[in-house]
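Hi,

Here is the structure I promised to pass on.

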Amino acid sequence: MIPPLVWLYVPGDRPERFAKALAAGADAVIIDLEDAVSAAKKDEARANVVDFLSRPSPGDGPEIQVRINDLATERGQADLAAIAGLPGLRSVRLPKVESPETLDVFARLVPDPAVGAYALVESARGLAAIGAIAGHPRASGLALGEQDLMAELSVTGESALDYLRMQAVIAAAAAGLPPVAMSVYANVADETGLLRACEHGRTLGMRGMAAIHPRQIPAIRRAFRPTDEEVARAREIVLAAEQAGANGAALLPDGRFVDAPIVIKAQRVLELAGQNPS
């Protein structure tokens with residue numbers, strides 16, 4: 001199964017937007033009970049989510065994920081207890097994860113292994129433990145809270161931010177988790193900047209991005225989908241490897257040598273393009 005490329009946030013206190021978000025073209029919709037909801041409306045937002053997830057699900061739409069409040073707080077635990085077991089829930093986004101113990105709490109409150117847990121690492125302590133967090137048996141994916149990390153670490157340069165991103169990319173790969181998606185791009189009107197950010201993330205091994213508005217969805221998808229040229233090259237590599245058979249290596253007409261790592265990369269390109277790599 002190909003992991004989502006586009007994750008669309010929708011505030012939990014705006015229930016009139018839930019169905020619209022699911023129809024907007026994203027691969028996953030994150031209903032937010034945390035940062036997007038003011039303290040005065042958090043109980044209302046939770047009730048909205050419970051009502052929405054209690055309804056019959058069509059089953060073929062985007063994945064529905066809920067970002068709860070910090071699981072170290074009573075509110076976060078109440079959020080999780082309220083939504084656990086609801087038929088529309090596919091996964092939970094856990095904010096401010098700083099150790100594997102947060103996932104232990106999640107596993108205790110949500111024993112069903114079919115419900116995924118995405119750990120959002122937003123602090124230096126969380127980053128220091130990111131390998132152990134990613135390796136937890138209930139972890140389904142990682143995400144970075146880039147703005148929180150940059151503020152805590154006084155990071156201002158892109159190169160320093162890339163170092164933080166690479167730690168998440170490496171931890172996810174080592175644990176066998178899906179590639180890490182990028183954090184939101186805050187300027188909804190700046191499509192050029194959005195595309196540039198996505199293309200840069202691809203060079204770091206990241207895949208996909210969270211969106212804060214439906215108008216960002218097409219650009220994100222376009223930036224992370226392989227180009228026609230990339231697909232053609234990948235298909236050529238996979239075909240050459242198949243023809244080489246047991247030899248395990250092949251030489252392309254243009255002189256490029258193809259071995260197993262190159263073939264694996266080409267297969268991933270075809271999978272991302274929605275094509276059968278075999």
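In helix α9, E191, L194, L195, C198 and R202 meet A219, I220, R222, A223 and F224 of helix α10 (contact means heavy atoms within 4.5 Å). By class, that contact has 7 nonpolar, no polar and 3 charged residues; Ala, Val, Leu, Ile, Met, Phe, Trp, Tyr, Cys and Pro count as nonpolar, Asp, Glu, Lys and Arg as charged, and the others, Gly among them, as polar. The axes of α9 (residues 191–203) and α10 (residues 217–224) come within 9 Å and cross at roughly 35°. Axes are lines fitted to C-alpha atoms, for helices over the stretch in contact, with angles from 0 to 180 degrees between N-to-C directions.

By the way, this is a predicted model: local features need pLDDT of at least 70, side-chain atom pairs count only at pLDDT 80 or more, and totals for chains, interfaces and linings use all residues. Residues are numbered from 1 along each chain as its sequence is written, and side-chain values use heavy atoms, leaving out hydrogens and water.

Next pair: α2 (residues 42–53) and α3 (residues 74–83) pack at about 20°, axes 10 Å apart. That makes α2 roughly parallel to α3 (angles under 35 degrees count as such). K42, D43, R46, V49, V50 and L53 of α2 touch R75, A78, D79, A82 and I83 of α3.

Now the strands (DSSP E runs of at least two residues; helices are H or I runs of at least four, both numbered from the N terminus). Strand β6 (residues 139–144) is largely enclosed by the rest of the structure, because 5 of its 6 residues are buried (under 20% relative accessible area, 1.4 Å probe, protein chains only). β5 (residues 116–121) pairs with β6 in the parallel sense over 5 bridges; pairing takes at least two DSSP bridges.

Cheers

Key
Parallel < 35°, antiparallel > 145°, perpendicular 65-115°, else oblique. Buried < 20%, exposed > 50% of the residue type's maximum accessible area, 1.4 Å probe, protein only.
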